[in-house]
Amino acid sequence: VEEEVKTTLISFLEKLSSSNGQQNNTTFWTQDTDPCKDSWEGVVCDPSKEHVRSLLLDRHNFSGTLDAAMLCKLQPLSDYLTVLSVDGNNISGGIAFEVGNCTHLTHLIVSGNQLSGGLPSSLAMLNNLKRLDISNNNFSGELPNLSRISGLNVFFAQNNHLSGQIPRFDFSNLARFNVSFNNFSGPIPYVGGHFFADSFIGNPELCGNPLPKNCSSLALDEKTEETEESKDGPSKDQILMYSGYAALGLIVVLFVIFKLCKRKKTEKKVDSVCDLEATHNVTDKSSIVSSEYKGGLSKSELSGTSESGLASQSLIVVARPVADDLKFEDLLRAPAELLGRGKNGSLYKVVLDNGMVVVVKRLKDWTSSSHEFKQRMERLNQVKHSIVLPHLAFYTSKQEKLLVYEYQHNGSLFKLLHGTPKSKAFDWTKRLGLAAAVADALAYMHQELGEDGIAHGNLKSSNILLNINMEPCISEYGITAIDDQNSSSFAGSVDAGAPDAFKTDVYAFGVILLELLTGKLVKSDGVDLTDWVQSVVREEWTGEVFDRFLISEYASEERMVNLLQVAIKCINRSAEARPSMNQVSLVINSIKEEEEKSLIYEA
Ligand SMILES: Nc1ncnc2c1ncn2[C@@H]1O[C@H](COP(=O)(O)OP(=O)(O)OP(=O)(O)O)[C@@H](O)[C@H]1O
């Protein structure tokens, strides 16, 4: 990496660290090391290790300013930087106009800080943006018109002081959108049924669908006020009408107060794709109650544990406010269905009294102490990624370790690929998108949990769940006992000693890629998928590897081969020779970008 890039990065971090320049947090970024070759913390480079692609500086207690001008004015940086993420710090000041020079940014995430002032209009120049998150700050003024950023997928601006009208967005292209709790006013642009009131609530002057307050009533209100002044007193009809408005107004005010109270609690909550369902399911009681219960997570099920022992220690709830009222007794009392017994233990689906559906994993073989288990769970709770399913609560005693997660209603990747009937909708673009999303999330988790040595440990297609929008959701991250994580479960590893748990995840991810590409089971009739793929590729019949369904939809062979090459690198028998998840993620994302470009070209 060029010297000037290094210098700029170090100055950028210095400014970010502290507003008064006294505190310096740059011990891990120094001039005599290289951001890429020496893997600076929070820096992700391209595979050639020449260019910085991502700056991931979330939750570092930074309390300085964000000098986007310095960062984006330097061309060797702005030409390659795709991700800038500083979520959950204490950064103040504003965002400089020059941010518009970082035109390659796909992710700009500045949520959860003290940033203020107006948003630069140059944000509209970031044509490649997919995710813009400015939520939970003190931004004011109007929103720039971002409607020209056609690829924008996620826009979060909730909990700021933004005002004016909400500009038109291409709501059909947005997967997630939230401008709640600001000072926006006027009519909401047409959202075409893509978003609901919760995306707009908490803006007292905002009206129109999907909020309950309709704009014509606002206009009527004003008109009536005018005529009222010119008359002596209101008629009977007017009194009736006014009381109707008053009642409606009261309902809206109560609703806003209720939401404002809730807002305090939810401010620090990470937006999670995997979270979506809990909120939906609280009211989804009828469909849940009708499910068939084959067993129960009853006191007798937990036979190894004395009942009094269980009751004496309570459930540790970590996901607030979603699971605020969750009690251990609720889990025991509720009907439960055994979903499976796997490597990590048994899994139960439990329907709670309030209609919320959760799953409870009863871990087996956790030999380490309760204290260590608690520490691990608390650490995992600090590191969040939107597509990694977080645990809502956990329980630990000498004999029992339980984990509570949200139930995800759309099955798993395993079922999608190998279930019958085969889903025709799971085409190449979706498979590639899923691979890129999972690779991104794993790269992030590996980076954040690298020092703690917590890898996934049991990655497989049945642990990639699908949420209500069919988006992937990685479950059971980090719950495999460390001893198990380190003992490779894959035959033929040529490494002496225990392989790195992170490289074991990379191997497992490679296997998932093979499942996506071939549509075949990991083991079928005694044949191992990895062996089969390697032998076919050796014989130079590469085309034979791919799922017939992909061939029939004319998926790009070139990009399938590119993805296959990534998979083959991941399943290298030598753990050392496998790439890191960061590298994997970057390559898959570039294949995905190629795919997207070709789709635009074809269209
Ligand atoms: N949170 C969840 N919501 C819905 N289904 C889930 C959830 N977690 C797991 N499942 C599904 O429940 C089934 C049983 O899960 P279980 O974890 O017991 O299986 P496994 O992955 O083979 O086991 P292990 O992870 O312990 O090796 C799987 O089909 C899995 O996809």
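**View A. E476 in the loop between β20 and α13.** E476 lies in the loop that runs between β20 (472-474) and α13 (482-486); helices (H or I, at least four residues) and strands (E, at least two) are DSSP runs, numbered from the N terminus. The model is predicted: local features need pLDDT of at least 70, side-chain atom pairs count only at pLDDT 80 or more, and totals for chains, interfaces and linings use all residues. Residues are numbered from 1 along each chain as its sequence is written. Although E476 is not a glycine, its phi is positive, about 60°. E476 counts as buried because it has 27 C-beta neighbours inside 10 Å. A residue is buried if 20 or more other C-beta atoms lie within 10 Å of its own, exposed if 12 or fewer, and partly exposed in between, with C-beta atoms placed from the backbone.

View B. Most residues other than glycine have a negative phi, and most peptide bonds are trans. F181, in the loop between β10 and β11 (183-187), has a positive phi near 55°. F181 counts as buried, since it has 24 C-beta neighbours inside 10 Å. The peptide bond from N209 to P210 is cis, with omega near 10°. P210 belongs to the loop between β12 (205-207) and α4 (215-230).

**View C. The open sheet of 7 strands.** The strand order is β1-β2-β3-β4-β6-β8-β10, and the pairing is mixed; two strands pair if DSSP finds at least two bridges between them. β1 (43-45) and β10 (176-178) are the edge strands, each with a single partner strand, so one side of each has no neighbour in the sheet. On average, neighbouring strands of this sheet are turned by 15° against each other, direction ignored. Strand β8 (residues 154-156) pairs with β10 in the parallel sense over 3 bridges. F156 has N178 in β10 as its bridge partner.

**View D. Strand β17 and its partners.** Strand β17 (residues 393-396) is covered on both faces, with A393 and Y395 buried on one side and F394 and T396 buried on the other. Strand β13 (residues 316-317) pairs with β17 in the antiparallel sense over 2 bridges, and V317 stands opposite A393. Strand β18 (residues 401-406) also pairs with β17 in the antiparallel sense, over 4 bridges. The bridge partner of Y395 in β18 is L402. A hairpin of 4 residues joins β17 to β18.

**View E. Packing of helices α14 and α15.** Helix α14 (residues 501-518) packs against helix α15 (residues 529-538) at an angle of about 65°, with the axes 10 Å apart. Axes are lines fitted to C-alpha atoms, for helices over the stretch in contact, and angles run from 0 to 180 degrees between N-to-C directions. V511, L514 and T518 of α14 make the contact with L529, T530 and V533 of α15; residues are in contact if their C-beta atoms, placed from the backbone, lie within 7 Å. The contact residues divide into 4 nonpolar, 2 polar and no charged.

**View F. The shell around the ligand.** Of the 19 residues around the ligand, G340, G342, K343, N344 and S412 come nearest; a residue is near a molecule if its C-beta atom, placed from the backbone, lies within 6 Å of it. β14 (336-342) and β15 (345-351) each supply at least two residues of the shell. The largest share, 4 residues, comes from β14.

Key: Contact = placed C-beta atoms within 7 Å. Nonpolar A, V, L, I, M, F, W, Y, C, P; charged D, E, K, R; others polar.
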